Amino acid sequence: MKVEFWGVRGSLPTPLSPDQLLSKICAVVQRITPADLESSDSRERFVNSLPASLKSTIGGNTACVEMLNKNNTLFIMDAGSGIRPLGKKYGSVKNLVCHIFISHFHWDHIQGLPFFDPIYNPSTEIHFYSCHPDCEKLLRDQMEYCYFPVPLSSCTKNMHFHIVKEGEPFVVDGVTVNTKKMFHPSDSYSYSFEEDGKKFVYATDLEIQPGDSNDGTQTSVFSDADVLVLDSQYTVEEGFIKESWGHSTFNKGIDFGLSWGVKNIYLFHHDPTYDDKKIHSILESARWYLDYGENKSLNVHIASEGTSITL
């Protein structure tokens, strides 16, 4: 399985502001020495030596993750604004078949669908999966005329809506998929995907509860995951202030991952008020927190647009 992040923000799209860009440029300029400019090699070394928060960006699109199985079948987790650039990748592909898994219907997870180019290609075949019985109605409603000029009924006719049951595995092109409802306003569902002994888990918009680490109903979804994409929107302090808002913190995420034998966690659904520096500082805190314990079997990463993972 191959995974790529196209949108990693929560709540609403967060483009890099002019002031944030200028701040990055100034910070880079302050680090340059004459020796760094002597040759193309020295300039390249200088750029490579910069911290990630200066030489790249987390990205500003809302939740969308691409996964390809061994047959290169397209799986998409959520249709936030990140699905728009993903659609540019596949927009001219004829007879495209894609499988879109919706965690829930808060707007930051479906708002990109009207801008997903493949839905306007009549040869495209789209399968939507959700545990919410009103999936089709909710997706159609956001494209009604008063919200968007093109209704879903004018898109490809090869559109199928699958209502799946929590905890009942099903198979899509050789990939075993399972679901689990998590704590979040209006319910959000996590998905696990297993192929050839590898497991990828997409778990966004959830607030980890005290009993989650030993809840037997979660075993088939989370246990021994190779990669877990996990909502970690808040700092520890904000986690206390915003209790019951439906999002988690990095420390709870790490404890959760350790309890289920997860190998890699990607912190996800970044708060729209956090800039790149703040998000990378959260990653540093998460790694410090992980190193403080004795268990070294877990690795923690940050989810950023363009990051690719091969399982």
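Reader: Which strands does helix H4 lie across?
Author: In this predicted model, helix H4, residues 83-90, lies across strand E1 (2-7), strand E2 (64-68), E3 and E4. Its direction is at about 35° to E2.

Reader: And what is the strand order in the open sheet that has E6 and E14 in it?
Author: The order is E6-E5-E4-E3-E2-E1-E14, an open sheet of 7 strands with mixed pairing.

Reader: Which are the edge strands there?
Author: Strand E6 (158-163) and strand E14 (308-310), each of which pairs on one side only. From one strand to the next, the twist averages 20°.

Reader: Back to E3 and E4. Do they run parallel or antiparallel?
Author: Parallel. Strand E3 (residues 74-77) is joined to strand E4 (residues 97-101) by 4 bridges. In general, strands of a sheet pair through backbone hydrogen bonds, in either a parallel or an antiparallel way.

Reader: What is the bridge partner of isoleucine 76 in E4?
Author: Isoleucine 100.

Reader: How many bridges join E5 to E6?
Author: There are 6, between strand E5 (residues 125-130) and E6, and these strands run parallel.

Reader: Through which helix does the chain cross from E5 to E6?
Author: Through helix H5, residues 135-141. This β-α-β crossover is right-handed.

Reader: Now the sheet with E7 and E13. What order do its strands have?
Author: E7-E8-E9-E10-E11-E12-E13. That is an open sheet of 7 strands, and the pairing is mixed.

Reader: Why is one side of E7 and of E13 left without a neighbour in the sheet?
Author: Because strand E7 (170-172) and strand E13 (299-302) stand at the edges, each with a single partner strand. The twist in this sheet averages 25° from one strand to the next.

Reader: E9 and E10, parallel or antiparallel?
Author: Antiparallel. Between strand E9 (residues 188-195) and strand E10 (residues 198-203) there are 5 bridges. Tyrosine 191 stands opposite tyrosine 202 in E10.

Reader: Which strands do H8 and H9 go with?
Author: Helix H8 (residues 250-259) lies across strand E11 (227-231) and strand E12 (264-268), at about 155° to E12. Helix H9 (residues 276-292) packs on the sheet and touches E12 and E13. The direction of H9 makes about 175° with that of E13.

Reader: Different topic. How many cavities of 30 Å³ or more does the structure hold?
Author: It holds 1. About 40 Å³ of space lies in the largest cavity.

Reader: Which residues line the largest cavity?
Author: Ser232, Gln233, Leu267, His270, Asp271, Tyr274, Ile279 and Ile282.

Reader: And what is that lining by class?
Author: It has 4 nonpolar, 3 polar and 1 charged residues.

Notes
Residues are numbered from 1 along each chain as its sequence is written. This is a predicted model: local features need pLDDT of at least 70, side-chain atom pairs count only at pLDDT 80 or more; totals for chains, interfaces and linings use all residues. Side-chain values use heavy atoms; hydrogens and water are left out. Two strands pair if DSSP finds at least two bridges between them. Helices (H or I, at least four residues) and strands (E, at least two) are DSSP runs, numbered from the N terminus. Axes are lines fitted to C-alpha atoms, for helices over the stretch in contact, and angles run from 0 to 180 degrees between N-to-C directions. Contact means heavy atoms within 4.5 Å. On a 1 Å grid over the protein atoms alone, a cavity is a set of points where a 1.4 Å probe fits but cannot get out, and a pocket is an open set with protein on both sides within 12 Å along at least five of seven lines; lining residues have an atom within 4 Å of a point. Grid points are joined across faces, edges and corners, and a volume is the space filled by probe spheres set on the points. Ala, Val, Leu, Ile, Met, Phe, Trp, Tyr, Cys and Pro count as nonpolar, Asp, Glu, Lys and Arg as charged, and the others, Gly among them, as polar. A crossover is right-handed if, with the strands pointing away from the viewer, the path from the first strand over the helix to the second runs clockwise.
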